There are 2 protein chains.
Amino acid sequence: MAYHTFTESNLRDFTKSIFLKMGCSANDADLAADVLIKADLRGIDSHGVARLTGYVRLWEKGRINPTPDIKIVHETPSTATIDGDAGLGLVIAPFAMKVAIEKAEKYGSGWVSVRNSNHFGIAAYHTLLAAEKDMIGFAMTNASPLVAPTFSNERMLGTNPMCYTFPAGKYPPVIVDMATSAAANGKLEIAQRTGKPVPEGWIQDANGQASVDPHELKKGGSLLPLGGDREHGSHKGFGLSATVDILSAVLSGANYGPWAPPFVSFMEPSANPVGLGLGHFLGAMRVDGFRPVDEFKNHMDNWIERFSSAKPISEDQRVIIPGEPELVAEKERTINGIPIIEEVCNDLNGLADKLGIDRLL
Amino acid sequence: MAYHTFTESNLRDFTKSIFLKMGCSANDADLAADVLIKADLRGIDSHGVARLTGYVRLWEKGRINPTPDIKIVHETPSTATIDGDAGLGLVIAPFAMKVAIEKAEKYGSGWVSVRNSNHFGIAAYHTLLAAEKDMIGFAMTNASPLVAPTFSNERMLGTNPMCYTFPAGKYPPVIVDMATSAAANGKLEIAQRTGKPVPEGWIQDANGQASVDPHELKKGGSLLPLGGDREHGSHKGFGLSATVDILSAVLSGANYGPWAPPFVSFMEPSANPVGLGLGHFLGAMRVDGFRPVDEFKNHMDNWIERFSSAKPISEDQRVIIPGEPELVAEKERTINGIPIIEEVCNDLNGLADKLGIDRLL
C-alpha cells in the first residue's frame, strides 16, 4: 500500500488548522490535534488524522459544535455528570478527565459520566492524563451501533472500548485499551482495503450467519462481541459492551444502544433520541488512596517483569504487556515520522482545498 | 447424573453448621452460608455448597482464619484498603462492600481494595448489596493461577471474574458477572465429569497447543483468556484479567499473578509470596451521584426492553439480558429446591461425619 511519511509537527500543524477552520478556539484546536496525533504516533491509524474528514463532515451537518459550553450538570464530591454541549469528544473527554483528577486529588477518586458528546479519539489519551498524576485511569465510550448482541442480528452496540491504565515505576504504564467487540472496526477496514477474508468470529452476515467477508457490514451484517459466539463466550463480550453503554450513556443521559448517533455523516441520528449525543465514562483513582505510590510502582515493575518472562510457547514470541506495541510504535514514529496511506493523504488534501488551507504534500 | 434435591433452608442450616464447626462466629457463619446458598439458588453450582469441602481443607491446613480481625489499613474519603486477616472471603468481601457503600453514601462513590483474603464466592452477591441501595456495584477478585497469557503456556492468572451490577426499575438489576477466561473453571469441571470434549479455544495443552480434552489441566495444560487465541482477541481477555489482578492484588498488597495462593489445599502457596493472601476489588457508586434515580431506572427499563426485543437470529431464542438466566434459576429453585449431584452429596456427608454434625440425607 502506498503511503507518505510526515513529521509529527507537520501533521499536528495541519490538523490544528482544520480544527481552527471549523471555528474551534486555539486551545481546543491544539488539544483536539494532540489527541489525534497521539493516536497516529501510537500506531492506531484508524483513530488519528484519518478521522479528520469524518469530524469535518459532522461539523458541516451541524452535529459538532466548535465552541461548546462544556459544564458540570450534577455532582457529589467524587462523582459528576458533564454535558458536552455537542462539542468535539476530543475536547470534552480531557475536560471530564480533569474534573475526575481534581475530585481524586481531594477525595481519593473521581468518576465522570458524560453526555452530549462525540467520538473521543483513543481512550488511552485520557487515561494517561491520570497516570501522569500517579492515578489509575479509566475511560470508556459508547459508539455508533455496529455490534449485534449474542443471538441477534441487529446492530445494537458500538465497538464500545474500555481502557484501564496503571502507572508503573521504571517501566511505562500498563495500558489495557480494547474494543469490546471481537475485532475493532479499524481492523475490518484494513481487511476491506486489502480484500482479505477475516477470521471467523469477527462478523456475521445480515441473517446472523458466520461470515469471513470483510464487506459484510455494508450488506447489513454486524460485528460480533468479543468471544465471537455463545460457545466461546460472546455473551461476555456483550456484557462488557453493555457495561460501557450503561456507564457512558444511561448514567449520563446520552443516547444508548441503537440510539447512539452514527459517526458517519450520511446516516442521520435517531429521530426519537433517548438522550443527548454520545456518552463517555471516565475515572481516576489516586494510587496513594490505597497504598504508598512507591510500593505500588515497585510491585507493578515486578508484575511487568514476571509476565514478560512467563514461559513462551515459541521462543521467538514472549508475552506482550498490554500497551507495549503502542509504546514501540510511538518511539519509532517520533523518530522516523508517521506513515499515512495514500487514500488518507488524498482525503486530507481534499479537505485542505475545501477549507482553504495548505495541503499536506 | 444422579442428584438429590434439598430445600434452601436445609442446605443453609447444614452449611452454617459447617462454618460454626470451623470456629466462625454465628454472624459470620450466617453470612458465609448466605453467600454460598445464593450461588446454589442462582444455578452457579460450582460456587455453592460444592465448595464447602475446599474451605474446610484450607481451614485444616491453617490457611483460613475463622475469627479474623478484618480492618481498614489505609483510606481516603472515597477509597480504602482492607486487610482480611486470612479470613473467609465470603465474610471479608461483604465487609469491604459495606465500607464502599458507606463511603458512597457520604462522597458519591466508594472503592475498596482487599488483601489477605480467600475465595469470595459469587461476585454478584456483593454487587447486589450495592444495587439494593440504588448504587452501581463493582466486584472483582484474583484467583488461583490456571490461565496462560497470550503467547505463553505458563499458568499466570486466575479465571479472575469481573462483575458490574446496575439497578433497574420494574425489572431486576442487570448483572454482568463473568470470568475473564474463555470458560469458567466450573464449565470445565462439568465436561470432566461427563467426559465430553470442550470447544476449541477454552484450553491448551502443556505445550501451548490447542486442545479439546477437558482433562488437559491435570496434565500441565492451561485455560485460555476470553478470545481463545490472538486472532480472536485473547490479548483482550488477558488484558481484562490483568486489570482484575492489578486492582485486586497489586493495589491492595495481596499476591498477584502466579503468586496467588491456590484454592486447593494439596498445593502449597508460594514460599516467596509478594503479598498477603488473595485480593479483591469492590466498588459502589450512587446512581444519584450522576442523575436522579427515577430517571436512571426508567432508562434502564427501556434499555432492557429494547435489548430483549432486538431482532433474533432464530425466533426461538431472543437476546438474553445479562443476569437473566441466574434470576430464572433463583425463582425456580426457591420454589422447587436445589438439586445437588450425588458426588457433592457424598462429599458433604463425609464432611458431616468428620466434623460431627448431622448428615444432609
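Q: What makes up domain 1 and domain 2 of chain A?
A: In this predicted model, domain 1 of chain A comprises 1-67 + 324-361, and domain 2 comprises 69-182 + 224-269 + 276-287. The centres of the two domains, taken over C-alpha atoms, are separated by 22 Å.

Q: Why are residues of domain 1 of chain A said to be in contact with residues of domain 2 of chain A?
A: Contact requires C-beta atoms, placed from the backbone, within 7 Å. By that cut-off, 18 residues of domain 1 of chain A are in contact with 15 residues of domain 2 of chain A.

Q: Which helix of chain A gives the most to the side of domain 1 that touches domain 2?
A: Helix 2 does, with 7 residues. Helix 2 (26-41) and helix 3 (52-60) each supply at least two residues of that side. By class, the side has 10 nonpolar, 3 polar and 5 charged residues.

Q: How many residues of chain A are in contact with chain B?
A: In chain A, 70 residues are in contact with 70 residues of chain B. Among the elements of chain A that each supply at least two residues of this side are strand 4 (109-117), helix 7 (234-250) and helix 8 (293-308). The largest share, 8 residues, comes from helix 7 of chain A.

Q: What classes of residue make up the side of chain A that touches chain B?
A: That side has 35 nonpolar, 27 polar and 8 charged residues.

Q: What confidence does the predictor give chain A and the complex?
A: Chain A averages a pLDDT of 96, and 100% of its residues score at least 70. The complex has an ipTM of 0.98 and a pTM of 0.98.

Definitions and conventions:
Residues are numbered from 1 along each chain as its sequence is written. Chains are lettered from A and ligands numbered from 1 in the order in which they are written. This is a predicted model: local features need pLDDT of at least 70, side-chain atom pairs count only at pLDDT 80 or more; totals for chains, interfaces and linings use all residues. pLDDT is the predictor's confidence in each residue, from 0 to 100. Domain bounds come from an automatic or database domain assignment. Two residues are in contact if their C-beta atoms, placed from the backbone, lie within 7 Å. Helices (H or I, at least four residues) and strands (E, at least two) are DSSP runs, numbered from the N terminus. Ala, Val, Leu, Ile, Met, Phe, Trp, Tyr, Cys and Pro count as nonpolar, Asp, Glu, Lys and Arg as charged, and the others, Gly among them, as polar.
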